[in-house]
Each structure stands twice: as C-alpha cells, then as structure tokens.
Amino acid sequence: MNTREQCPKPVRRSGTGKSIQLLIVLVPYLLFLAGLFVLSLGIFTWAENESILSVFITKRDQPVFMDLNGLDASGASGATPAPLQKETAVTEPDETLVVPFYYYGEQIGTISIASTEMSVEAYQGDLDTELRMGAGHSSVSLLPGQDGNIVFAAHRTSYFKPLQNVAVGDEVLFETTYGTFTYKVREIRILESDEFSLITKETEKEQLTLYTCYPFTYVGNAPDRYAVFCDLVESELNT
Amino acid sequence: MRNVLKILASVILIAVVIVSSIAAVFSYYIRCDLLSSEFYLGIAADSFYMEMVKHSIHLEFESQSSYVGIPVEVFDAALDDSQLHLMLREHIESAVNYLNGLAPYTEPEYPVELIRDPLYAYLEQTAKEQGTVPAKEQYAQIDLVALDSAALIQKYICVIDLNLVKDRTAFQSVFHYLPNSKDVYIPAILVTLGAIALLALLNGKDWRSGLNRIMTAFWLSGSILLVPMLALQITGLTGRLSIETGYFKFFVDSVLKDMNRYFLLWGALLFLVGSVALLLLKTVGRPAAKDSGFRPGEYSVNNLSDK
C-alpha cells in the first residue's frame, strides 16, 4: 500500500478553533505568571508579618510609629487615656489608689505655680524627647499619690526658667490624669554635681522635687543643679 | 534517545540563559547604582534632602541650646551650606570607595572653628551685657559645646555610617563579594550569548524551534524579574519602612524605589520582547501542514528518526 494513501486528510480548522488552540498554548504561561505572583505576594506578606523584617515595616493605615497611649500596663489594648478630669472628689491618698501606667512621652498632667505664672506640661520620662515638650518625670521615682519622692526635670532656659522666682511657701498645683495634688514649697537648694543623689533619694513622706540646671544664665554646660522640694498638702482623686 | 538528549540540552541551555541574564541585570544594577557615588550624590543633591538634614540638625541644636543656655539661632548661624555639601560629597565618595574596595573609610569632619567662633562671640557679648569678663573655664566649656555640635553635624551628614557595621561578620561576608559582583555583568552577558548561540546550533535548520526556546528563556527571565517587583509595588513595602528620621527615610526610600524601578524596567523589557516574539512565532508564518495538524513523517513507515 502506498504510504501517502495512509495519511489522513488535512483537517482545516475554523477561526474559533485557532483561538481555542492559542488559548490552550497560553494557559501554562498564564499559570506560571499567576503562580509567580502568588509566591511573591506570599513572600512579601510573610516578610511583613512573620519575619524579623516585620519590626521595620509599618501598616499602611497607621502612622509611622504606633500610638502606644491606648495600651494599659498589661499591654492590652484599651481606650485612649482620659483627658484631665475636672470633676473630682476630695479624698486622701490611700492604699487603694491605682496610679495609671504611663509610657515614655505620655502626658501625666500639668504642673502650675501661680506665684510665678508657670504652667508646664509633665511627661513620663526625662529623655531629650520629653524635655523638649515640657517637664520630664524620672521614671525611677514615684508618682503623685504613691507616698514617696516624685522627681521632675526641665530645661533652665525654657520650662523651668520661672523656678528662679519661686519662694518657700509657694503653692504648686499638679493636675494629673487621675487627680489633682497640691504641694507647698518647703526648701530651695543649689546643689553641686556630686550632690545629685539628694534630688533622687527616697523619702517616707510624699515629696515633689522639681530641678533644673544652675546658674540660670550660664553659657555652657551649667555645673550645678537648682532644686525645689515641695510637701504634699492636699489631694483630690478623680471620681 | 537523540531527541531526549536534545531536549535535555535545550532545557539546560534555557536555564543557563535565564540565570545568566538575571545575573547580568543584577550585576549591572550593583555597578551603576549600588556601588556608584553618582547615584547617591544624585539623591543627596535634592534640595529637599539637604533641607531635611538641616532640620534634623536644627532639632538637635534646639536640645543642645536648652542644655547650654545659648540661643539656637547662634548654632543655626554656624551652619555653612557649602561646607555641609562638601562634607556630604566627601562622605559618600569615601563610603563608596570603601565598598568598592578602593580605599579605607574615613568620616569627614565639620570644621570646629565654624561653630566655636560664633559661640565665643555670643559668650563675650553676654558677658559684656552683664558687665563681666568670661572666665577661662567658660571658654573651655564653649570648646566642648563646639566639639559636641560638630559631632552632631557629622552624625547627620554621614547617612551611611560604615563605622557602625564595617567590623561586623555579616557585613564582612557580604562585603567580600560586593566589589567583584559589580563586574560579573560582562561574563554573564557572554554566557547568555553563548547559550543562545548553542540553542540556535542545537536546533539547526529548525530556526523557529530555536528562536522559540530562546524567547521562552527571555520571557521567563522577564517574568522572574517583573512579577515580584509588581507584587512589591502592590504591597507598597518600599514606602512603609518604620524610619522616624525624615532625611534617612527619604534616602532609603529613594534607593529602594530606584531599585524597584530598575528591575521593573528590565523585567518588563525582557517580558515584552519574549511575549511578542512567542506570540508571533505561534501565530504568524506557520507552515500550512503544521497549522492543519499534519505531522510529516508521523504516519510514515519510513520514519526511523526515533528508532
């Protein structure tokens, strides 16, 4: 038998057939692209959420640094801290007082001295960041209502400049997010650098210590410290 | 058997084309951008960048000012724009030369006298107003403040502070290969061309199959470069780095965006060339017999090619 006679007749394909054939040819290419895309997306999502790189990446809908104000001491998420409460009930600080936890840079309240027209916002932490914003709380000291030494520092050229006009007996008002505390200036001292421990030393009674560098008009790194020691007179906790 | 070997050789050559072409693209990127001082100087030449650096220095000066009782304006006045630009150029060139293995890394220094002189002037003016004469200790204090301020400026100018990382093992292991990797692109291109030539030779007179395989290799290389870069762009990771310092974020963002753009461009180029060529090969000028489904010799008793 002739070989040519065994050959099947060529089958002509329609336009639709050609399109289907082309589509079938394209399918593996498209599947490869889809697979590569899903794989890439998976790797980037893993890097964003699970890998060590995740600490360097922020969420699109959040600011560069997460606002930690909404977290309580246990780390659980909660509402943002309440603004300074005006409605207060007269109470004595006692053992049942629960002082809130403040993160670094979080505002604790406002310190005012009417006699010198000083009003300074008080923040947790005494790093440069807090000292740029107001008075910084030494986090190793206590907070109002905790029956101990409460230490705040600020710059002599700005926020604590009015301290140079404070006199013994002046009233210092400390409005915190959990209550209002009134102190009276007991002593003003100029301390040399080796006497710094007097500022931070523990006290049995509640004491508010405000300090800054001294002399006030010194050009350069001022060598001494100007400290104002105050005793607690009255406290009103927010209801 | 011969056909199997031919297919196996084609697959290997396609893989060689993919790997070498991607290696060439990477190496050229390292040469032209990552290890090129012109690239970094281009970013730093942006007036926005220098403004951000100056703003960061100003914030540090504000803090410094609060501690030392000297108005921040006195510090700001000590900042000399041309000196800052010169320092930045010196720093980038030194860092890039070090990364290229050409010279040891040295940090540029801001001339202390540029800060000290205005501070002395302020000290003397304040003393005059107070009717006093500045003490020697105060001059010594000012010297310290000027040194601190110069160090602050240096900190902000040195955007790639290699002193922090250059002795680390991880950096050293990368650094060992970095200068050589920028020259890999020429051998990589030669290997690509060689593999393409071999693919063409392997397919002999069947130039369509040869071209099909070459273009498939290009298409795959393009996809491997293009698709991850598209995914990166969709996730927007390059713009979401948690860097607080404005000028540094601008710098890192610029580098990453440039990298993203570069690979997108090369990926798109290879992908498009491969796609268009493959589509043309599959649709235009196909032999009528093949188009109709006829396979010459397939039904022939004389066909011994597979035996």
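At what angle do the axes of helix α2 (residues 37-44) and helix α5 (residues 81-99) of chain B cross, and within what distance do they come? The views below are taken from a predicted model.

**View 1. Packing of α2(B) on α5(B).** The two axes cross at roughly 150° and come within 9 Å. Angles over 145 degrees count as roughly antiparallel, so α2(B) is roughly antiparallel to α5(B). The crossing of α2(B) past α5(B) is right-handed.

**View 2. Residues where α2(B) meets α5(B).** From α2(B) come B:Ser37, B:Tyr40, B:Leu41 and B:Ala44. Facing them in α5(B) are B:Leu88, B:Arg89, B:Ile92, B:Glu93 and B:Val96. By class, this contact has six nonpolar residues, one polar and two charged.

**View 3. Packing of α1(B) on α9(B).** Helix α1 spans residues 2-34 of chain B, and helix α9 spans residues 185-203 of chain B. Their axes lie 8 Å apart, at an angle of about 160°. The pair is therefore roughly antiparallel. Here α1(B) passes α9(B) in a left-handed crossing. The contact has 17 nonpolar, six polar and two charged residues.

**View 4. The interface of chain B with chain A.** On the chain B side, 45 residues are in contact with 38 residues of chain A. The buried area is about 4,000 Å². Carbon and sulfur atoms give 63% of that area. Within chain B, the residues that lose the most area to chain A are B:Tyr67, B:Arg240 and B:Ser242. Together they make up 17% of what that side buries. Between the two chains, the salt-bridge count is zero.

Technical notes: Residues numbered from 1 in each chain as written. Chains lettered and ligands numbered in written order. Predicted model: local features only at pLDDT ≥ 70, side-chain atom pairs only at ≥ 80, totals over all residues. Heavy atoms only, no water. Axes fitted to C-alpha atoms, helices over the stretch in contact; angles between N-to-C directions. Helix = DSSP H or I, 4+ residues; strand = E, 2+ residues; numbered from the N terminus. Parallel < 35°, antiparallel > 145°, perpendicular 65-115°, else oblique. Left-handed = near helix turned anticlockwise from the far one by under 90°. Nonpolar A, V, L, I, M, F, W, Y, C, P; charged D, E, K, R; others polar. Contact = heavy atoms within 4.5 Å. Buried area = accessible area lost by both parts, 1.4 Å probe. Salt bridge = Lys/Arg side-chain N within 4 Å of Asp/Glu carboxyl O.
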